[in-house]
Amino acid sequence: MAPPIAKILATLVAALAIRIFALPGPVILGRTQSQDDDRKEEDQENNEDEEIHGNIVPVTLQWRNITCTLSDKSRKLTRFLLTNASGEAKAGRLLAIMGPSGSGKTTLLNVLAGQLAASPRLHLTGQLYVNGSPFYMASPKIAFVRQEDLFFSQLTVRETLSLAVELQLSKVSNPEDREKYVNDLIFRLGLVSCAESIVGDAKVRGISGGEKKRLSVACEMIASPSVIFADEPTTGLDAFQAEMVMETLRQLAQAGHTVVCSIHQPRGSIYTKFDDLILLSEGAVVYAGPAQEEPLVYFAEQGFVCQEHVNPAEFFADLISIDYSSSESEHLSRKRIDDMIEVFANKFSTMPDLKDGNLEFGMETDKVSMKSRRKAVTRKVGWWKQFQLLLKRAWMQATRDGPTNKVRARMSVASALIFGSIFWRMGLSQTSIQDRMGLLQVAAINTAMAALTKTVSVFPKERAIVDRERAKGSYALGPYLFAKLLAEIPVGAAFPLVFGVILYPMARLHPSLLRFGTFSSIVTVESFAASAMGLTVGAMAPTTEAAMALGPSLMTVFLVFGGYYVNSENTPTIFRWIPRISLIRWAFQALCINEFKGLKFEQQQSFDLQTGEQVLERLSFSGSSVGDALVQEGRILLFWYWMTYALLKMKKPKYQPLELPTIQVQPTAKLEELKD
């Protein structure tokens, strides 16, 4: 490509790169994409300064008539997940969304945060406004704290935050400023006592569940978001840790953030921290307005009085839940809830109509399909800086993972001792030919399965972290995969080397230092290829369990066509492509060439095999070399890495677009609070 053309393309790419915010949200399409981009470009410089200085832009979210339906596979039955849900989340206030299980709490939260997973069976309609304007006209910075707290387990709290700051805030380049910024986050989120502790996981004890939740909030706070969504932040925590987390969210609200959380039956002391409350039942709003005493008065007017010394949250949970203990109780509870929904809907309909002379939709939504906005992702730092930071993180994670490394080392030693004992000091008799082939085959299988199992058991969880960080624009996929490959080379090479050091002399394989070095190189390259295959399986499978089932199944196919059980010349035509992509086949072929070439065997009968070259000829390996086999193994390694890259690119999370309802509704700058 000519230099002028390259410069033009680079300029176009840079011009299209728009400031990325914490998370994408749903949008109502009312203007052209170019108008939306122009508005964002005007605010880009101000948003960058806000990130650095921690300034918070006050944001009030308003939504009207949010309806979400889910169809069954036959598209004949439709279930309403949300029905005409309306409400408001104000700046500087903590809004809690409460309701029984299955009431639509998480669905509503995901809709507001733009995190509802896309599905052809879902249909989502409604209006969403930011400070009185349709959502497409504003791009508030949004943070979303998920129920699952996913981190790299071997990093400390301080290291986790420091790396996140370096990746997300490119302008905080001074180490002193960066350390001050991290210390401020640690202090604000109450993480001082555990700042130097590793995060930990199920294998390694680390920080507590409450501290992990506050660390999740801290990671989301790096870009100074205006709106913070938290999906059931108290789930899985004891009463004390749950209150500590909610106190943190309350303090963030008091600092000017708009905080919205879904929560399931909180204790009384947590309820007192709420500023506003939304009660949902069967996807419909039963109450929306101020918390504390107002909802108690509201329900008391309908004849439902909360007794003294009763937790209001428990009272609400009993009031809006369906009792399935008997058909009569179910009927009565449903009637009670339907009446309360109708009362609130009538009360809400008496409020001023949504209108504002400055804003109009002016479009027929039954003809125009709503599409979710695609924000251009601006990488916070350059490719090389991303690679350096990710390499540092991958290296710390790989080298500090003591339990996993100890298990892999013990398994390498144990398998080498077992195989060495079984094939103890093989001679050069005719029967040793079969023994050598069997040993080389099990060595190839053991190396591949060990590397594959380790990768598929870890990568699906790591993929969830990577998807979350890539959604923020923290880094690109290329530097991540390249850094992961380089960081795991020293650790990944150590275990095949330990295996070979023990097995080679015990079995008395070809007695040559050069041959031993070649043997170790072959199993090491095979180990990396199997790990790359594990990454592809992990990127393909939705869960760790699915990956653990899929990976060994694929490897079994490669094992059958690995050159030992079926000769490549006898492979059926339709299956001849499988040996070419079998990493076990090429490893076994390289090991056989390395072992048998130059060997002389004892001859007792005239038809006995005299040389190793004759053995290779019977295996159909005579026309190849170790180098050729390693080149093929390297190609397989690169193929699996390319497949991983393609799958991760293709399987980027997609979210359900928010469509306007068929009835044209005009927005207002503010929804009035529920009043008598």
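Predicted model: local features only at pLDDT ≥ 70, side-chain atom pairs only at ≥ 80, totals over all residues.
Me: Which strands does helix α3 lie across?

Reply: Helix α3 (residues 105–113) lies across β3 (94–98), β6, β7 (227–231), β8 (258–262) and β9. Its direction is at about 150° to β7.

Me: In what order do the strands of the sheet stand, and what is the pairing?

Reply: The order is β6-β7-β8-β3-β9-β10, an open sheet of six strands with mixed pairing. On average, neighbouring strands are turned by 15° against each other, direction ignored.

Me: Which are the edge strands?

Reply: An edge strand pairs on one side only; here these are β6 (142–145) and β10 (284–290).

Me: In what sense do β9 and β10 pair, and over how many bridges?

Reply: Strand β9 (residues 276–281) pairs with β10 in the antiparallel sense, over six bridges. As for individual residues, Ile-278 stands opposite Ala-288 in β10.

Me: Is Glu-220 buried or exposed?

Reply: Buried means under 20% relative accessible area. Glu-220 has a relative accessible area of 6%, so it is buried. This residue lies in helix α6 (residues 209–221).

Me: Which residues is Glu-220 in contact with, leaving aside its neighbours within four places in sequence?

Reply: With those neighbours left aside, Glu-220 is in contact with Ala-143, Phe-144, Val-145, Pro-225, Arg-468 and Lys-472.

How values were computed. Residues numbered from 1 in each chain as written. Heavy atoms only, no water. Pairing = 2+ DSSP bridges. Helix = DSSP H or I, 4+ residues; strand = E, 2+ residues; numbered from the N terminus. Axes fitted to C-alpha atoms, helices over the stretch in contact; angles between N-to-C directions. Contact = heavy atoms within 4.5 Å. Buried < 20%, exposed > 50% of the residue type's maximum accessible area, 1.4 Å probe, protein only.
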